[in-house]
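Work through the exercises below with the sequence and the 3D structure open.

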Amino acid sequence: MKITPQNLQDGLPFAESLHFRKGRKEKVRVLVIHTAETPENNKMAESIQSYCQRRKDTVSCHEAVDNDSVVCGVRPFDTAWTTGSINNFSYSYELAGRASQNKEQWADEFSTAMLAIVAKRVAKAALCWNIPIRKLTPAELKAGASGICGHVDQTVAYEVKGGHSDPGPNFPWEKFLNHVRAELALLTGETAPIVVEPVAPVVPVAPVVAKPTKPVLKRGTSGAAVKELQQILQTKKLYMSGIDGYFGPVTEQAVRRFQTSAKIVIDGIVGPQTWKALLS
Ligand SMILES: [Zn+2]
C-alpha cells in the first residue's frame, strides 16, 4: 500500500494537541528528532501527548515515542508547533529521554527499544514524502535540502537565541540512520544500502565448522551463542545494535526478519531449523 499523509498514522492512538495549524504551507521535506526531556518509562508517549492537550505554551508534536508505543498528537497533513522556523515543512518526533544522555544511555535497553520503533516510523515517513535517509547539517537544512535532523540543527541554522540542543551530542545518528535504512528496505523490498561504518566494532564471524548441536536461543537468553547469533545477523544486515550477548527485543526482531526472509517458521526463537538456515 502506498504510504500517504492520510494513512501514515493509521493504527496509532491519536490524542489531538491543543495547539497546531490545520494544513501545510509547504511540502514536508525534513523529519526532526527531539528529546522530550522526560524520564524513560513506557507511559511517556501517552504522557507527552496528554500534556500537549493542555499545555499553554502552544507546543505540539506529530508523534511521541517511548519504548513500547507511539502516540500521535497532530496529523501529518497538519502543522505541529515543535521546531520554530521549520515547522511549515517538517514532521516531528518527541522521544522519551533527555538530550544530556551519554552514549551508554542511548544504547541501554529502553533507548534501544525506543529507537527501533522510531526507525520504523521515520522509514515510513521518508517513504511517504520521498525524503532521503541522511543527516542534514544546519547549513544544508537552511539551504533547503531534504533529510533528517535534530532540533539542535534548527537552533544552529537559524541562530535561535535560547534554542534547543536536543536530541543532544550523543544521539547515535549513524546507527539510527542505518536502522532506518534497514526498515525502509523491509518496506520497499530492496536491499538496505549501508553507507557508513556501524558504530559497534565489526567482529569477524568465525568460519563455521560443523558443530552438531547449537543451543536453543530465545528472548531472555544470554551468552556466547547469542553473540554468535548477533554477529551472523549483523553480517546479514538484519541487526544494527551492539554485540552484547543478550537476546532482548531487538535481537528477537532481527531473528523474525531473518526467519521471514528465509521463509521458515517465524517465531523469534532460534532452534535447530533457524540455526541451520543461519549457518547455511
Ligand atoms: Zn525539541
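**Exercise 1. A residue in a loop**

Solution. I243 lies in the loop between α7 and α8. Helices here are DSSP runs of H or I with at least four residues, strands are runs of E with at least two, and both are numbered from the N terminus. The model is predicted, so local features need pLDDT of at least 70 and side-chain atom pairs count only at pLDDT 80 or more, while totals for chains, interfaces and linings use all residues. Residues are numbered from 1 along each chain as its sequence is written.

Next, take the surroundings of I243. A residue is buried if 20 or more other C-beta atoms lie within 10 Å of its own, exposed if 12 or fewer, and partly exposed in between, with C-beta atoms placed from the backbone. I243 has 18 other C-beta atoms within 10 Å and is therefore partly exposed. Its C-alpha atom is separated by 6.7 Å from that of Q231, 12 residues apart along the chain.

**Exercise 2. Confidence**

Find where pLDDT stays under 50.

Solution. pLDDT is the predictor's confidence in each residue, from 0 to 100. The protein chain averages 91, and 92% of the residues score at least 70. The stretch under 50 is residues 197-202, for which the model has 8 contacts beyond four places in sequence. A contact is a pair of residues whose C-beta atoms, placed from the backbone, lie within 7 Å. Where pLDDT is low, the predicted coordinates should not be read in detail.

**Exercise 3. Helix α8**

Solution. The expected span of a helix is 1.5 Å times one less than its number of residues. Helix α8 (residues 249-262) has 14 residues and should span 20 Å; its end C-alpha atoms are 20 Å apart, so the two agree. Its buried residues are V250, T251, A254, V255, R257, F258 and Q259. They pack against α3 (109-129), α6 (173-188), α7 (224-235) and α9 (272-279). Just after α8, K263 takes a positive phi of about 55 degrees.

**Exercise 4. Helix α1**

Decide how the buried residues of α1 are arranged around its axis.

Solution. In α1 (residues 44-52), the buried residues are M44, A45, I48, Q49 and C52. Seen down the helix axis, they fall within an arc of 130 degrees, so they line one face of α1. The arc is that of the directions from the helix axis to the C-beta atoms. These residues pack against β3 (63-65), β4 (70-72) and β6 (90-95).

**Exercise 5. The nonpolar cores**

Which residues have the most contacts inside the largest nonpolar core?

Solution. A nonpolar core is a set of buried Ala, Val, Leu, Ile, Met, Phe, Trp, Tyr and Cys residues joined through C-beta atoms within 7 Å. The largest has 45 residues, and V65, V122 and V180 have the most contacts inside it. At least two residues each come from β2 (30-35), α1, β3, β4, β6, α3, β7 (147-150) and α6. Helix α3 gives the most, with 8 residues. A second, separate core of 16 residues includes L233, Y239, V250 and V255.

For V65, leave out residues up to four places away in sequence: V65 then touches A45, V70, Y93, L95, A96, M114, I117, V118 and R121.

**Exercise 6. Backbone exceptions**

Which peptide bond is cis, and where does E37 lie?

Solution. Most residues other than glycine have a negative phi, and most peptide bonds are trans. The bond from D166 to P167 is cis, with omega near 5 degrees; P167 lies in the loop between α5 (151-157) and α6. E37 is found in the loop between β2 and α1 and has a positive phi, near 55 degrees. With 16 C-beta neighbours inside 10 Å, E37 counts as partly exposed. T58, in the loop between α1 and β3, has a positive phi of about 70 degrees. With 11 C-beta neighbours inside 10 Å, T58 counts as exposed.

Technical notes:
Contact = placed C-beta atoms within 7 Å.
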